[in-house]
Amino acid sequence: MIRAEFDFEILTKSESSEEAKANYKFVLIYSCSNLEELAHADGEELKVNSQLGFAISAISYSTIRGILLIKLSETVFQDFILPIIKPNLPN
């Protein structure tokens with residue numbers, strides 16, 4: 001199993017003294033059938049294949065982006081969206 005955790009804090013900017021704030025914590029759990037081929041312990045350190053880390057990060061970010069879009073609709077944050085990013089491909 002692979003666990004990816006992300007914390008977000010979203011704030012409004014306005015001229016009034018009242019600001020809105022939203023905090024989200026996302027924990028995504030993935031099952032990987034060949035994890036032993038992609039990660040191994042090296043003493044007390046875990047060595048992970050860079051392509052696995054890239055894939056988990058990209059899938060997680062895209063999933064969270066969609067969830068936030070739905071969760072924030074019809075709120076003061078309805079115009080907020082995580083930007084589309086072009087992640088660096090692993091070497």
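Me: Where is the place of Ser 60?

Reply: In this predicted model, Ser 60 belongs to helix 2, residues 50-72.

Me: And does Ser 60 count as buried or exposed?

Reply: The cut-off for buried is under 20% relative accessible area. Ser 60 has 0% relative accessibility, so Ser 60 counts as buried. Leaving out residues up to four places away in sequence, Ser 60 touches Ala 4, Phe 6, Leu 28 and Tyr 30.

Me: Which are the buried residues of helix 2?

Reply: Start with the general idea: an α-helix has 3.6 residues a turn, so residues three or four places apart point the same way. Here, the buried residues of helix 2 are Leu 52, Ile 56, Ser 60, Tyr 61, Ile 64, Leu 68 and Leu 72. Their cover includes strand 1 (2-11), strand 2 (21-30), helix 1 (35-38) and strand 4.

Me: How do I read the span and the ends of helix 2?

Reply: For the span, take the first and last C-alpha: the 23 residues of helix 2 reach 32 Å, close to the 33 Å expected at 1.5 Å a residue. At the start of helix 2, look for a side-chain oxygen of Asn 49, which comes to within 2.7 Å of the backbone nitrogen of Gln 51. Just after helix 2, Glu 74 has a positive phi of about 65 degrees.

Me: How many bridges join strand 3 to strand 4?

Reply: Four, and strand 3 (residues 39-42) runs antiparallel to strand 4 (residues 45-48).

How values were computed:
Residues numbered from 1 in each chain as written. Predicted model: local features only at pLDDT ≥ 70, side-chain atom pairs only at ≥ 80, totals over all residues. Heavy atoms only, no water. Pairing = 2+ DSSP bridges. Helix = DSSP H or I, 4+ residues; strand = E, 2+ residues; numbered from the N terminus. Buried < 20%, exposed > 50% of the residue type's maximum accessible area, 1.4 Å probe, protein only. Contact = heavy atoms within 4.5 Å. Expected span 1.5 Å × (residues − 1). Polar contact = N/O pair within 3.5 Å; in protein donor to acceptor, adjacent residues only side chain to side chain.
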